[in-house]
Amino acid sequence: MGMIGGGAGAFIGAIHRSAAAMDGDIELVCGSFSSDPQKSKLTGEQLHLAPERVYDDYQQMILKESKLPEDEKMDFVSIVTPNHVHFEPAKLALENGFHVVLDKPMTMSLAQAKELKAIVEKSGKYFCLTHTYTGYPMVKQAREHVRSGKLGVVKKVFVAYPQGWLTFPKELTGDRQAAWRHDPARSGIAGCMGDIGTHAFNMVEYVTGLKLSQICADLNTVVEGRKLDDDGSVLLKFDNGATGVLIASQIMAGEENDFTIKVYGDVGGLEWNHGNPNTLLVKYVDRPEEKWRAGTPYLSGIAKHNIRTPAGHPEGYIEAFANHYRNFTLCVYAQLAGEKPKEEWLDFPGAEDGVRGMAFIENVVASAKSNEKWTTFAL
Ligand SMILES: NC(=O)c1ccc[n+]([C@@H]2O[C@H](COP(=O)([O-])OP(=O)(O)OC[C@H]3O[C@@H](n4cnc5c(N)ncnc54)[C@H](O)[C@@H]3O)[C@@H](O)[C@H]2O)c1
């Protein structure tokens, strides 16, 4: 693996490195960790990389790596830069024969996302978009419950991703993560809805298997002076007639990452919460609630495939990332061996999720500006 971004002081790069290293299938061999070559060099030293594999910029890294012998060069690149540095490095990597792991949101616009999806398809390489939360085993179990009809026909969805870390103007304090998230040139046309609303949207479509058909969005900029939304609510209508509510906020004071999804069918419902990720509650009209737990023998094959420890040993955020890395890597290894990947290995978010995520952002922003009640979810 090579990495673009994730230098000193960055947030998600170090999480990706831990997750990638978890199963012993991935070794970090090179990187361009910062737009500043000196900072990139320092990170390379801290990570004990060979100095000649730490590059001044990502263009140099991709081109030089592509010329190395097959058994030496990186097989894939992990891109963990702010949103405005997603499309170009991903395109360059795919066009030079590398598989790509990219953090969300996919690009800066829907048009760019569609272009990148076409490049992925033409390249024949694997592409993983790290919507972390669908990597949790009990989220996979939730999807199995919906798929198997345990809840009946899905009628109602509630999804909320509340955070409180941007309740005050942190971007004015020199906080790097807050700064780029509120700069439209680096974040895109949405703030909170692009940052965490896309996770909520991806989760809903993954667990329910439904597709969004109409939305009614309300976006707010609660903290004065911000150019992008820091809070929002969206009413949802799905292709089967089900309805729902999506809340994403970064100004809900005191909230951490209290991501919750609830899905209700005409027979029963389910509830998963990020604060207690190894538990999945299943609810019924006519009998007591069930508490399904990670690491137990009664789970579905797909949930078991994404678990590493026996019940009661907590698996969390880094393991959820690691599940995406492991499934992606199993596919890459299969391709290297000329074999077909198993169905459960293909269960990681990809280019189609990225395109739909960018469509979500653009439709939500359009709906919030519109005087019409309902906006058709356009792709
Ligand atoms: N999946 C998740 O749960 C999750 C969580 C947080 C962030 N993210 C996403 O990850 C990405 C990064 O977010 P973050 O909070 O880690 O940002 P960050 O600002 O902490 O880190 C970004 C890193 O990219 C580097 N960088 C910027 N331009 C570069 C370039 N041209 N070449 C090489 N390196 C460059 C910066 O120096 C920094 O090291 C964003 O797209 C964000 O949406 C995803």
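## The sheet and its edges

Four bridges join strand E12 (residues 279–284) to E13, and the two run antiparallel. Within that pairing, Val 282 has Glu 290 of E13 as its bridge partner. Strands here are DSSP runs of type E with at least two residues, helices are runs of type H or I with at least four, and both are numbered from the N terminus. Two strands pair if DSSP finds at least two bridges between them.

Stepping back, nine strands make an open, mixed sheet in the order E13-E12-E11-E10-E6-E9-E8-E7-E14. Strand E13 (290–293) and strand E14 (375–376) are the edge strands, each pairing on one side only.

## About the model

This is a predicted model, in which local features need pLDDT of at least 70 and side-chain atom pairs count only at pLDDT 80 or more, while totals for chains, interfaces and linings use all residues. Residues are numbered from 1 along each chain as its sequence is written, and side-chain values use heavy atoms, leaving out hydrogens and water.

Helix H12 (residues 351–369) lies across E7, E8, E9 and E14, at about 60 degrees to E7. Contact means heavy atoms within 4.5 Å. Axes are lines fitted to C-alpha atoms, for helices over the stretch in contact, and angles run from 0 to 180 degrees between N-to-C directions.
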